[in-house]
Each structure stands twice: as C-alpha cells, then as structure tokens.
Amino acid sequence: MSGLVLKLAPKERVLVNGAVIENGDRRSRLSIMTPDANILRLRDAIHPEDANTPVRRVCYAAQLVLTGDIDPQEDRLPMLRRIEDLSQVFTDPDSRTSLAEATEAVIQNNHYRCLKALRGLLPREDRLIAVAQT
C-alpha cells in the first residue's frame with residue numbers, strides 16, 4: 001500500500017490500522033507511505049446487514065480483514081474459494097480481469113486492492129439480480 005493517496009472530503013472518516021480518523025472542515029489529501037497499512041473508507045464500508053449477495057459477502061469478508069476482525073493468513077484459502085465461486089457466475093472478460101486482480105491481491109496479502117477489484121463487480125451483480133427478478 002506504499003504510496004496510496006487518499007483524498008478526503010470534509011468530515012469524511014477513514015479507518016487506518018484499526019483507528020478511525022476524521023478529516024477536518026476542508027478537503028485534504030493524505031499519502032499513506034507505510035506498506036501493508038489496512039485502510040478502509042467508512043463511506044465505502046459494507047454493513048453486515050447489507051452483505052446479502054454473493055459479491056457483497058466476499059467484499060465484506062475482505063473488509064473484515066482490513067478492519068482487523070479476521071486474520072488474513074487464516075482467511076486466505078476461504079477468500080480464494082469465495083472468489084473462485086464468483087468466477088463461476090461472472091464469466092465475461094471484464095469480470096474475469098477483476099476476479100484475477102482480486103485473487104492476485106489476496107495472494108499478495110493486499111486486501112485493500114482485493115476489495116477495490118471486487119467492488120467493481122457490484123454494478124454487474126445488481127444488473128444480474130434485477131434481470132433474474134423480472
């Protein structure tokens with residue numbers, strides 16, 4: 001995560017290695033220089049009750065690693081299995097690229113990048129669910 005730049009809106013909150021940090025009254029920009037820092041924008045956080053679809057559940061699991069609630073080493077194999085399960089449904093080239101990036105991120109213990117890659121699948125999942133319900 002070396003060199004990650006966070007641009008924060010006024011009063012925006014971010015979780016950094018378990019500590020909630022709130023921005024002041026003005027926009028700001030933070031450079032995170034520590035490798036392997038666990039970062040989560042709280043506005044992007046998935047609440048437990050919202051983890052109600054396959055992609056959201058995998059995103060939530062990655063988020064729990066970032067918040068320190070799950071050990072990344074213990075969750076590596078289950079996370080890779082969850083991503084593999086998603087690959088059975090998301091077969092288009094763009095989705096495959098996102099899933100490959102998420103897989104590589106887990107292998108490299110970069111759950112922020114994993115979460116970012118998986119979040120890109122949320123609009124596709126929403127469309128698939130909407131079509132299935134009609």
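The model is predicted. Helix α3 covers residues 93-107, and its axis comes within 10 Å of the axis of α2. Helices α1 and α5 form another pair, with axes that come within 9 Å. Two asparagines, N17 and N109, have positive phi values.

**Helix α3**

- The 15 residues of α3 should span 21 Å at 1.5 Å a residue, and this agrees with its end C-alpha atoms, which are 21 Å apart.
- The buried residues in α3 are S95, S98, L99, A102, A105 and V106. Viewed down the helix axis, the buried residues of α3 fall within an arc of 120°, so they line one face.
- An α-helix has 3.6 residues a turn, so residues three or four places apart point the same way.
- P93 and T97 are exposed on the other side of α3.
- The cover over the buried residues of α3 includes α2, α4 (111-119) and α5 (122-133).

**Helix α2 against helix α3**

- The axes of α2 and α3 cross at roughly 175° and come within 10 Å. Because angles over 145 degrees count as roughly antiparallel, α2 is roughly antiparallel to α3.
- On the α2 side of this contact are R76, M79, L80, I83, L86 and S87, and on the α3 side are R96, L99, A102, T103, V106 and I107.
- By class, the contact of α2 with α3 has 8 nonpolar, 2 polar and 2 charged residues.

- I83 is found in helix α2, which runs over residues 72-87.
- With a relative accessible area of 1%, I83 is buried, because the cut-off for buried is under 20%.
- Apart from neighbours within four places in sequence, I83 is in contact with V58, L99, A102, T103, V106 and C114. Among these, L99, A102, T103 and V106 are residues of α3 that take part in its contact with α2.
- L6 lies 77 residues from I83 along the chain, and their C-alpha atoms are separated by 26 Å.
- P78 is also found in helix α2. P78 has a relative accessible area of 28% and is partly exposed.
- P78 and V58 are 20 residues apart in sequence, with 9.8 Å between their C-alpha atoms.

**Helix α4**

- H111, C114, L115, A117 and L118 are buried in α4. Seen down the axis of α4, its buried residues fall within an arc of 165°, so they line one face of that helix.
- What covers the buried residues of α4 includes β5 (39-41) and the helices α1, α2, α3 and α5.
- C114, one of the buried residues of α4, is also among the contacts of I83.

**Helix α1 against helix α5**

- Helix α1 takes in residues 54-66, and its axis crosses that of α5 at roughly 150°, with the two axes coming within 9 Å. That angle makes α1 roughly antiparallel to α5.
- P54, V55 and R56 in α1 meet L122, E125 and D126 in α5. The residues of this contact divide into 3 nonpolar, no polar and 3 charged.
- P54, V55 and R56 are residues of α1 in the contact with α5.

**Positive phi values**

- Most residues other than glycine have a negative phi.
- N17 has a positive phi near 50°. N17 lies in the loop between β2 (13-16) and β3 (19-22).
- N109 has a positive phi near 60° and is likewise a residue other than glycine.
- N109 counts as partly exposed, at 28% relative accessibility.

Notes. Residues are numbered from 1 along each chain as its sequence is written. This is a predicted model: local features need pLDDT of at least 70, side-chain atom pairs count only at pLDDT 80 or more; totals for chains, interfaces and linings use all residues. Side-chain values use heavy atoms; hydrogens and water are left out. Helices (H or I, at least four residues) and strands (E, at least two) are DSSP runs, numbered from the N terminus. Buried means under 20% relative accessible area, exposed over 50%, partly exposed in between (1.4 Å probe, protein chains only). Contact means heavy atoms within 4.5 Å. The expected span of a helix is 1.5 Å times one less than its number of residues. The arc is that of the directions from the helix axis to the C-beta atoms. Axes are lines fitted to C-alpha atoms, for helices over the stretch in contact, and angles run from 0 to 180 degrees between N-to-C directions. Angles under 35 degrees count as roughly parallel, over 145 as roughly antiparallel, 65 to 115 as roughly perpendicular and the rest as oblique. Ala, Val, Leu, Ile, Met, Phe, Trp, Tyr, Cys and Pro count as nonpolar, Asp, Glu, Lys and Arg as charged, and the others, Gly among them, as polar.
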